[in-house]
Amino acid sequence: MTRSRLIRHGSRLLALSTAALGLVATMTMPAAAEDQPTREQLIADCGSGEGKCSFNEPKLGKAYLGDFRQVSNSLYNCSTSDATQSMGWSDTVGSTDSAGVSVTAGGNIAGLIDLSVTATYSHTWSSSHTENSSLNMTVKPGEVGWISRAQVMQTVSGTWQTHYDDPKWGHYFWFVPDTVTGPAPNGTDGRSNAVTVKTRKMTTAEKNSCSAESKKGQSFVVKH
């Protein structure tokens, strides 16, 4: 832990930073290294409300299209001709912070980020987005098909300020830089959500299973 700078907050306070954790604390005297909290402990206090937290100076990153992922059941075509089926799909995309931890929709963390983004950018921020619909898909013989979807994503970076009424780990204030990645509204920065049908050849094991299903009179099989 190294001394970074002096700041003023009523009386002169000493600012300390721990580069490895990305934590900064302020109080009248430095705390011992073993008394410092982990990042997870501070974020947990923000989530539980034990720490009076705010998400300061949010900065929105450029929107981008996230990875495609399967959002429907799989359709195995066991027949000798193209198989067409209407398939329903559903997709829920959440948010994760810089440590890869889920940001729960409707919780203190999500609400504090939304409050900060709304105040800065005059529009709301959502930690979770759900869509569902159906799509006709056609699969060739000996192939398996499914529906995939990609969500427009965006990062928001800022610093958590945790304030305690009584010193905790020797300090009244702790600061934690954080970046949260979550779903953005369709059309953000010109990016659009995408839904597509994807197919591949069956494996040998799948073909053997498919042959067994064909003997039962099923020309194609839908599997979860």
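Trainee: Is phenylalanine 173 buried or exposed?
Mentor: We're looking at a predicted model, where local features need pLDDT of at least 70, side-chain atom pairs count only at pLDDT 80 or more, and totals for chains, interfaces and linings use all residues. Numbering runs from 1 along each chain as its sequence is written, and side-chain values use heavy atoms, leaving out hydrogens and water. "Buried" means under 20% relative accessible area, "exposed" over 50% and "partly exposed" in between (1.4 Å probe, protein chains only). Phenylalanine 173 has 12%, so it's buried.

Trainee: How many aromatic pairs turn up in a search of the whole structure?
Mentor: Rings of Phe, Tyr and Trp (its six-membered ring) pair if their centres lie within 6.5 Å; planes under 30 degrees apart are stacked, over 60 edge-to-face and the rest tilted. Searching the whole structure, the number of such pairs is three.

Trainee: What kind of pair do tyrosine 164 and tryptophan 169 make?
Mentor: Their ring centres are 6.3 Å apart. The planes sit at 75°, so the pair is edge-to-face.

Trainee: And which kind do phenylalanine 173 and phenylalanine 175 make?
Mentor: Here the centres are 6.5 Å apart. With the planes at 10°, the pair is stacked.

Trainee: Which residue's backbone oxygen lies 2.8 Å from a polar atom of the side chain of glutamine 154?
Mentor: Glutamine 154 is in strand 13, residues 152-168 (strands are DSSP E runs of at least two residues, numbered from the N terminus). At 12% relative accessibility, glutamine 154 counts as buried. The backbone oxygen 2.8 Å from that polar side-chain atom belongs to glycine 61.

Notes: Helices (H or I, at least four residues) and strands (E, at least two) are DSSP runs, numbered from the N terminus. A polar contact is a pair of N or O atoms within 3.5 Å; within protein, one must be able to donate a hydrogen and the other to accept it, and residues adjacent in sequence count only if both atoms are side-chain atoms.
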